[in-house]
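Here are my notes on this one, in the order I'd go through them. Have the viewer open while you read.

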Amino acid sequence: MNKSEFKSFLSAVPKAELHLHLEAVITLSGINKLYKNKFGKEMSKEEQKELFSYNDLNGFIQSFLKIQGMYSSVEDFRVVFDELKKYLVKNGITYTEVFFAPTAFLKMGFKYEDMVRVFHEKITEIKEKTGITIKLLMDVSRTFGCDNAMNNYNLLKQFPCEDIIGIGLGGAEAKGPAKDFAPVYEKALKEGFHAVAHAGEDVGPESIWDAINYLHSERIGHGITAIQDEKLMEELKKSKLPVEICITSNTFTKKIVKKAKDHPVRVFFDKGIPVNINTDDPVFFKTTLLDEFWICHKDLNFTMDEIKELVKNSFRQSFMSDKEKKDAVKAVDAAWQI
Ligand SMILES: [Zn+2]
């Protein structure tokens, strides 16, 4: 199968994506809409070019912040959800758990309850029109300390929304060690929310141990530095703790892996560690979920049977109910007609 045959085949198979950031699905056309709303004029070609001309993590973060500054009101999230819908449809994704990070928007003066109202309206509309299920995980933020994260979590409780099923912790690991956020995670898990955390993306295995021991994270985001610690690899296997793999994202940031073919996902999978495949920030890293599976097949020698397992894993390792997981796995088998 060549790349276009592979992608066309796989686009028709139902898939899930579990590590995806809401603000990073917006394309240039969506960004243009935000810009026009905010400044009342078109964005210049130079500005557009500059926005996507980064080639390292810092440049990416700068662009990300610039785009965040283009939102005028919570209504702009409608544009973002329209972009999310397009992305999900194009990739044949039927279920997703998406991170949203409220901190920057709250600092801009947006009201949390207004954000959540727009989220719920758009998620309901997308479900009605496409059948796609979108669940949200609040990234409580590791950048501004535990009190800020706790305040975010409290908003989640104060304004309950059926679409928001748990919390996550993204951002610079070195600046916000996982253990600092243990009180938020303890509370969230006790109160019936799910909890995941980015760990081992750009900090060593100790960050993953912290996410396990202090946060009791139900999945590990990235987790690639586990490859440096055999005891941790055994622990992930024994405890069946899923790792959310983001290959292109990791090769872009170049912290641990320079090339896709050197990505530890192959070793994780062969060892029996549960893994699922994701894009992280598809527009910013110029990838799609279909591309990520193609990389697994072409650069990491995953056979088609193994690709099928990876596709099923995303459903199995999601926060769907057991019945939903069973039905979703069955649907993958039914659609897998090579
Ligand atoms: Zn991420």
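Before the points, one cut-off: a residue is buried under 20% relative accessible area, exposed over 50%, and partly exposed in between. K36, with a relative accessible area of 44%, is therefore partly exposed. Keep in mind that this is a predicted model.

1. Start with the zinc ion. Its protein donors are H19 (NE2), H21 (NE2), H198 (NE2) and D280 (OD), which lie 2.2 Å from it. Along the chain these donors are spaced as H-x1-H-x176-H-x81-D. H198 sits in strand 6 (residues 197-199) and D280 in the loop between strand 9 (275-277) and helix 14 (289-298), so this pair ties together parts 82 residues apart in sequence.

2. What is the geometry of the zinc site? It comes out as irregular, with angles of 85 to 171 degrees among the four donor atoms.

3. On to the annotation. UniProt, in an unreviewed entry, puts "domain: Adenosine deaminase" at residues 14-334. Over that stretch the chain is 50% helix and 13% strand, and the end C-alpha atoms are 10 Å apart.

4. Now the packing. The largest nonpolar core holds 114 residues, and L10, F77 and I307 are the ones with the most contacts inside it. Setting aside neighbours within four places in sequence, I307 touches F6, L10, F293, C296, H297, F302 and W336. As background, nonpolar side chains in soluble globular proteins tend to be buried together.

5. How many salt bridges does a search of the whole structure find? The search turns up 27. One I'd look at is D291 with K7, at 2.7 Å from N to O. This pair links distant parts of the chain, with D291 in helix 14 and K7 in helix 1 (residues 3-11), 284 residues apart. D291 is buried at 13% relative accessibility, whereas K7 is partly exposed at 23%.

6. Back to K36: this residue forms a salt bridge with E42, and the closest N and O atoms are 3.3 Å apart. E42 counts as exposed, at 51% relative accessibility.

7. E50 and K66 form another salt bridge, with the closest N and O atoms 3.2 Å apart. E50 lies in helix 3 (residues 45-51) and K66 in helix 4 (residues 57-68), so the bridge ties together parts 16 residues apart in sequence. Both ends are partly exposed: E50 at 48% and K66 at 41%.

8. Last one: E75, R78, D114, R117 and E121 are joined in a network of salt bridges.

Note on methods
Residues numbered from 1 in each chain as written. Predicted model: local features only at pLDDT ≥ 70, side-chain atom pairs only at ≥ 80, totals over all residues. Heavy atoms only, no water. Donors = N, O, S within 2.8 Å, 3.2 Å for Na, K, Ca; no water. Tetrahedral: all angles 85-135°; square planar, octahedral: opposite > 155°, others 65-115°. Helix = DSSP H or I, 4+ residues; strand = E, 2+ residues; numbered from the N terminus. Core = buried A, V, L, I, M, F, W, Y, C linked by side-chain atoms within 4.5 Å. Buried < 20%, exposed > 50% of the residue type's maximum accessible area, 1.4 Å probe, protein only. Contact = heavy atoms within 4.5 Å. UniProt positions renumbered as here; feature names shortened; annotations may be inferred. Salt bridge = Lys/Arg side-chain N within 4 Å of Asp/Glu carboxyl O.
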